[in-house]
Amino acid sequence: MSARSPYVRVSSVLKRERIVPPEPPALCVLASGSSGNCSVLLTGPARAPRATLIDAGLSPRRVAALLAERGLGMHQVDAIVLTHLDRDHWHPAWTKKVRDLAAPVFVHASHLGRATREGVLPRRTEKFVHEVAPVAGVRATAMMMSHDDLGVAAFRFELEGDAGTLGFATDVGRVTGDLIDHLAGVDTLAIESNYCPDMQRASDRPEFLKRRIMGGAGHLSNHECADAVARIAPREHVVFLHLSRQCNRPELVGAMHAGADYAWTITSQHEATRWIPLRAGTPREPGVIRTSIPAPPEPSQLALF
């Protein structure tokens, strides 16, 4: 029997081990990339944790399977909060699935028109403009950033008491002073580090796509992300989102943050992250790398990527 099997043999009968979720609050990025983005914000009491999905760009079936691997059920999903409605952030299968859930879907007011035109607006939809309170004990303020035509919401989540703060910014196009102020000093920062400029320019992508990505209304480069992190100054942990499969490498992202005084995690399209504690002042060693990728390469090796 594989050491990775979730089953144990007791009296010749296979029984499933009980998977216990971590003590809330915590964050897990189930997947992040051009094929689908979905993160889980775990809150509530440890005996009965509740989940808020930040984006739902994976199919409901895949999300259910990933949650089950972490000891959670779809019945524990209380809300879905969307940054925007691109297909990799809102899978159309959720339009029907949310009818079976108690979870409302929170959509920024500027995206309602698109949702209506495309027929992806579920019945339980709640619009927001500046603030959203998806579940008890969680309040988020939203700032709209440039991304394509309708923009994208960047969130600052405030957890009740001293449970911590989470900044979440993906597909933001460019870093502005207002965004820095919006996310300044959060305990945990989840932010995209989408592409390496050299790899983007050298790629065989069409020029219009390169202009879209790099033109200030697309995605953040590794360098723009690193500058934003330095200015936001997160207290505990940074989670790097939405790496391009064609125009980036985890090693390049990691090299830009080696020796940092915050812990960091690099997300993947195909593998969920570990649970990241969100409590303010979580003890950790400066510069600890909490990721499954190898250590950053030596500078002389970077030319290979």
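1. The model is predicted, so local features need pLDDT of at least 70 and side-chain atom pairs count only at pLDDT 80 or more, while totals for chains, interfaces and linings use all residues. Residues are numbered from 1 along each chain as its sequence is written, and side-chain values use heavy atoms, with hydrogens and water left out.

2. An open sheet of 7 strands, with mixed pairing, has the order β8-β7-β6-β5-β4-β3-β16; its edge strands, β8 (125–128) and β16 (276–277), each pair on one side only. Strands here are DSSP runs (E, at least two residues), numbered from the N terminus, and two of them pair if DSSP finds at least two bridges between them. Strands β6 (residues 77–81) and β7 (residues 105–108) run parallel and are joined by 2 bridges, with I80 standing opposite V105 in β7.

3. Strand β13 (residues 188–192) pairs with β14 in the parallel sense over 5 bridges, and the bridge partner of L189 in β14 is V238.

4. H237 has its place in strand β14 (residues 237–241). H237 counts as buried because its relative accessibility is 3%, where buried means under 20% relative accessible area with a 1.4 Å probe, protein chains only. The side chains of H237 and T265 are joined by a polar contact of 2.8 Å, that is, a pair of N or O atoms within 3.5 Å, of which, within protein, one must be able to donate a hydrogen and the other to accept it, and residues adjacent in sequence count only if both atoms are side-chain atoms.

Conventions:
Helices (H or I, at least four residues) and strands (E, at least two) are DSSP runs, numbered from the N terminus. Buried means under 20% relative accessible area, exposed over 50%, partly exposed in between (1.4 Å probe, protein chains only).
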